[in-house]
Amino acid sequence: MSRSAHPRPASRFVSFARTRPSILFESFEHLFIGNQIKLQTADGTERRGADYPLALPNGLQLTYGRVVALAGDFFGIPGEAIADDPSAPDRFLRAFGQMATDPGGVSQVQAINAVMQDEITALQQAIERGETDLYKVYQSLDLNGRYNRATGGGSFFTDYWPMGRYLALAASNFDHFGEDAVSAYAMGHGQALSQALLARRLSGAARENALQLAYAQNAFADHFLSDLFSSGHLRTPRRALDRIGRQSSVPEGAALAGLCAKAMHDEDSYHGLSVRNARGETWRAYGDKKLLDHGDEENLRRVVAAVQASAAEIWNAFASGQVPERYAALAYTPDLAALQDRHDLANLAPLFTAETGGQVLRRKDVVDLASRDWTNDWWLASTVALLRGTESQRLAGRADTPLNIDPIVVQFFRNGDGRMGMIEYGPGAAGYGTLWGVGDMGQGAGLVALLDMDLEGDGATQFVQLWQAGADTGVIVYGPDAQAAGYAVRYASAGVLTGAAGGQWRSCRRREGGAWMVRSAAASGAPSLDALHARTDTPTLGIEVLWRAPQLFAQQPEGCLLAADIDGDGNDELVWMGVSGNMSLCLAAARLGDHGPQVLVEPREQPRASGLRALAADVDGTGRQAIVCIGESADATGGFTRVCRLGADGRSFDVLDRQNHAFSGALIGWLVVDADEDGAADLVRVGALGGRVTVQLLRSRKDGFFDAGVVNTFDVPSTSVGLLASRVGGRGRYVVQHLFDHGGQLGWAVFTPNVVGSGLGLAALQSDMGQGAAAIGFFTANARLAASD
């Protein structure tokens, strides 16, 4: 059947299936978008969209955003897609005329607005209550029956039958998807530009009225433009599924195909898609009911910018008499062609995908959103039943991050013969799993420390193994293998640092690139500090002693040792944190120079070891890291944080008051993340309670204190062997990775920040990643991805 063929009317026997037919940006979202822009009146006065009612020929006065919300969903010609119009812009003008020129449009708009106001009120009240997961608010609303009545449907028995224009348009809503939305927008925008040229030739009140009509027509077209930012509309094969339905012998095949499209639409809307546009911008877009949620801010900014660009072209045509050859707004929209690659690991596997020739494949395992296995052996009725039964599984807990997490994880383990082995995990054709591994990388006994660092300042992550070789310290450096997959030994020596075994080692970043290996120890009772670095003046990598400082402080500090950029100069300093004789916090710090260390903060007393933990974190987003001291009660039900910043004099620490918190579960570990991407570091506590994992997010208030969120408990084994924080793509949203021993196999759970205030959710869980026993260290290697591009 051709694309322009009219659909068969759906019978009453499937009307129950459309009790939630809306697969569009919700009405409040469209209204919000359109009312954010700026418009210019005929005399050049700038007006905000929300404050500039547009006068329509039938007497209605509607804001730009209100027209965007009404277009397409409530006013249109069922079965006659604007994108198919053989005599454009006839269908667009008839759809627009239902609202703007027909006398009956006045009462219908009033009825629709009354229902829409309930939606707006519910969302505004939720926002005022501080709720940020507006998706749940939308789910609690069921306004479709009332919308159906407002557009001429419903009966004494039910709101849903017969179908009014609202449900009839939802049954054949091609204009809202993909390339059809592009065409529908272009036709409407072109008509609005013509109306703007007409307005230019008029004078007086007629000039202003004609310009307002052009704006209203453009707002009607901008509904389809804004749909192109809703992720559920970008790659759903709406037409191809409809064709399958109409060609099938199944009764009401088109209606069942529409439900299949809705299921994919809902998946992509909920989980989002990684997209890019013609302007070279990349971001993650979410869909209906999520535009105003935390996590979709980038998408919101871009859709408002696109609608602003669209409206600006109307004014420019009116002011100059010129129309553009290319429509600027379309450069903001996601690249639809790029999203047709179903093997793209940046996104979840599409539920349906259209092949050349019209065949539609379905994801074989509808629940496994990461599965790249599709089949053409599927049936409409059974698939709809399957999708309905698995909706809660497909739309759960993964709202802000794709399941295909991309950071590389490197595991070190010790073989039975004392040799060191490595395994590299990452995204592959079959999902996240083992990419490379070897059981014999080199010396495994006598391990002192494992460090991950960029030794040479070239963006590639190397791993440095320090091991005790008699009275000396040996070094092995592993780096990306330039000739093959995985890692290779770049440098090895059994005696780089003579007469110095043991001690605490830290990797210290340098502003000019690269990093140093610094050791703090008390050798034969005398405190010492040693620094190693990579030689850069030779063809091959080498490690050598940069300097040795046999005595820095009068007494060697004990306790936590951290590398932190406490003064914000781009170089890490060393900080020792312990307690003094009277059990108060005591800190010391040293600046690391090319020729040796310099005392920065002299401790009042000798810092001694304690049960406190310490993290380096830029808690206020200034670029200067603070020291966050953490104490916990013996029963792991509570504790405190205390932030220490380098003082204004640069010679002492300002220690803020203790902040008490409630915790849950025996501590597994603490991590530093920027969960809300505001530039300030937040903290994540991972614990174990009854064999399950607890995760708690403490969001920084940027004043040295934290807002502690709820404790989320997950059915994930708590037998932890590693805990990591990394960013998707090296620059995107943070994820927390919990590595656990699962009967000798390595398990992997990924938690990701959800909306503001709701903590973290479980994004992925696997129990058979690889070798779980004998693991001695885990690292992330995002820099390896950048280095290999």
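1. Basis. The model is predicted, with local features requiring pLDDT of at least 70 and side-chain atom pairs pLDDT 80 or more, while totals for chains, interfaces and linings use all residues. Residues are numbered from 1 along each chain as its sequence is written, and side-chain values use heavy atoms, leaving out hydrogens and water.

2. Overall composition. The chain contains 15 helices and 38 strands; helices (H or I, at least four residues) and strands (E, at least two) are DSSP runs, numbered from the N terminus. Of its 789 residues, 56% are buried, where buried means under 20% relative accessible area, with a 1.4 Å probe and protein chains only.

3. Contact range. Among contacts in the chain with a separation of 6 or more, 58% are between residues 24 or more positions apart. A contact means heavy atoms within 4.5 Å.

4. Nonpolar cores. The largest nonpolar core has 75 residues, and those with the most contacts inside it are Tyr 64, Leu 70, Phe 96, Met 99, Tyr 215 and Phe 220. Apart from it lies another core, of 20 residues, including Val 575, Met 577, Val 601 and Leu 646. Such a core is a set of buried Ala, Val, Leu, Ile, Met, Phe, Trp, Tyr and Cys residues joined through side-chain atoms within 4.5 Å.

5. Phe 220 and helix α3. Leaving aside residues up to four places away in sequence, Phe 220 touches Val 67, Ala 71, Gly 72, Phe 75, Phe 92, Ala 95, Phe 96 and Met 99. Helix α3 (residues 90-100) is mostly covered, with eight of its eleven residues buried; among them are Phe 92, Ala 95, Phe 96 and Met 99, as well as Arg 91 and Gln 98.

6. Packing of α8 and α12. Helix α8 (residues 178-200) packs against helix α12 (residues 297-320) at an angle of about 30°, with the axes 7 Å apart. The two helices are therefore roughly parallel, a term for angles under 35 degrees. Their crossing is right-handed. Residues of α8 that meet α12 include Tyr 185, His 189 and Leu 193, and those on the α12 side include Glu 313, Ile 314 and Phe 318.

7. Leu 760. This residue lies in strand β37 (residues 760-771). Leu 760 counts as buried because its relative accessibility is 3%. Val 736, 24 residues away in sequence, is 8.9 Å from Leu 760, C-alpha to C-alpha.

How values were computed:
Buried < 20%, exposed > 50% of the residue type's maximum accessible area, 1.4 Å probe, protein only. Axes fitted to C-alpha atoms, helices over the stretch in contact; angles between N-to-C directions. Parallel < 35°, antiparallel > 145°, perpendicular 65-115°, else oblique. Left-handed = near helix turned anticlockwise from the far one by under 90°.
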